Amino acid sequence: MSALLRLHYAPDNASLCVRMALEALAIPFETALVDRRRTAQRDAAYLALNPNGLIPALETPQGALFETGAILNWLADTKPGTLLPAHDDPARGTALTWLYWLSNTLHPAFRMLFYPDVYF
C-alpha cells in the first residue's frame, strides 16, 4: 500500500522540517527527490505541483500544497495540539506568528546567503 502523502524534497532544504513533522506525527508518506543539480524544480511536472518552482511540495489526496509554513500548518491541523497549539488555545496566534516569520523572513534571507548566484 502506498502512502497517501508524497513529499517532494531535496537534501539540505526547507523540506527537512516538513519531513521531521511528518515523522513526529507518525503520518505515513513517501518521498520524491527533486534533483536541484539538474534544476528539476523547474520541470513542468514539478511546476504543476508548485508553480513557484521551490522545494518542498506535499501531494495530498486534496491536491498539492507548497510553502513550508502552509504545509506545516496543514499538518498540525491533522492532529490538533501537536505541532501547533489547538485552534482554541490562546498561544496559537503567537506560534503562527513565529512559524510564518521563520518561513517568510528568516528562510528567504538564508536562501539568499546560500544561493547568491540566483539573487546577485
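**Helix 1 and its surroundings**

A: Start with the packing. The buried residues of helix 1 pack against strand 1 (5–9), strand 2 (29–33), strand 3 and helix 3 (68–78). Keep in mind that this is a predicted model.

Now the residues themselves. Helix 1 covers residues 15–24. Its buried residues are S15, V18, A21 and L22. Viewed down the helix axis, these residues fall within an arc of 120 degrees, so they line one face of helix 1. An α-helix has 3.6 residues a turn, so residues three or four places apart point the same way.

Turn to the other side. The face of helix 1 turned away from the buried side carries M20 and A24, and both are exposed. A residue counts as exposed when its relative accessible area is over 50%, and as buried when that value is under 20%.

What comes after the helix? A26 follows helix 1, and its phi is positive, near 55 degrees.

Next, step back to the chain. It holds 5 helices and 4 strands. From the N terminus on, their order is β-α-β-α-β-β-α-α-α. The radius of gyration is 15 Å, close to the 14 Å that the globule rule gives for 120 residues, so the chain is as compact as a globular protein of that length. Along its principal axes, the C-alpha trace spans about 45 × 40 × 20 Å.

How much of the chain is buried? Buried residues make up 32% of the 120 residues. Among contacts with a separation of 6 or more, 49% are between residues 24 or more positions apart. The accessible surface of the chain comes to about 7,500 Å². Carbon and sulfur atoms account for 61% of that surface.

N50 lies in the loop between helix 2 (44–49) and strand 3 (57–60). Strand 3 is also one of the elements that the buried residues of helix 1 pack against. Is N50 buried or exposed? At 1% relative accessibility, N50 counts as buried, because the cut-off for buried is under 20%. The N50 side chain reaches the backbone nitrogen of N52 at 2.9 Å. Leaving aside residues up to four places away in sequence, N50 touches P56, A57 and F66.

So much for the close look.

Note on methods
Residues are numbered from 1 along each chain as its sequence is written. This is a predicted model: local features need pLDDT of at least 70, side-chain atom pairs count only at pLDDT 80 or more; totals for chains, interfaces and linings use all residues. Side-chain values use heavy atoms; hydrogens and water are left out. Helices (H or I, at least four residues) and strands (E, at least two) are DSSP runs, numbered from the N terminus. Buried means under 20% relative accessible area, exposed over 50%, partly exposed in between (1.4 Å probe, protein chains only). A polar contact is a pair of N or O atoms within 3.5 Å; within protein, one must be able to donate a hydrogen and the other to accept it, and residues adjacent in sequence count only if both atoms are side-chain atoms. Contact means heavy atoms within 4.5 Å. The arc is that of the directions from the helix axis to the C-beta atoms. The radius of gyration is taken over C-alpha atoms; the globule rule is 2.2 Å times the number of residues to the power 0.38. Accessible areas come from the Shrake-Rupley method with a 1.4 Å probe; for residues, only the protein chains shown count as cover.
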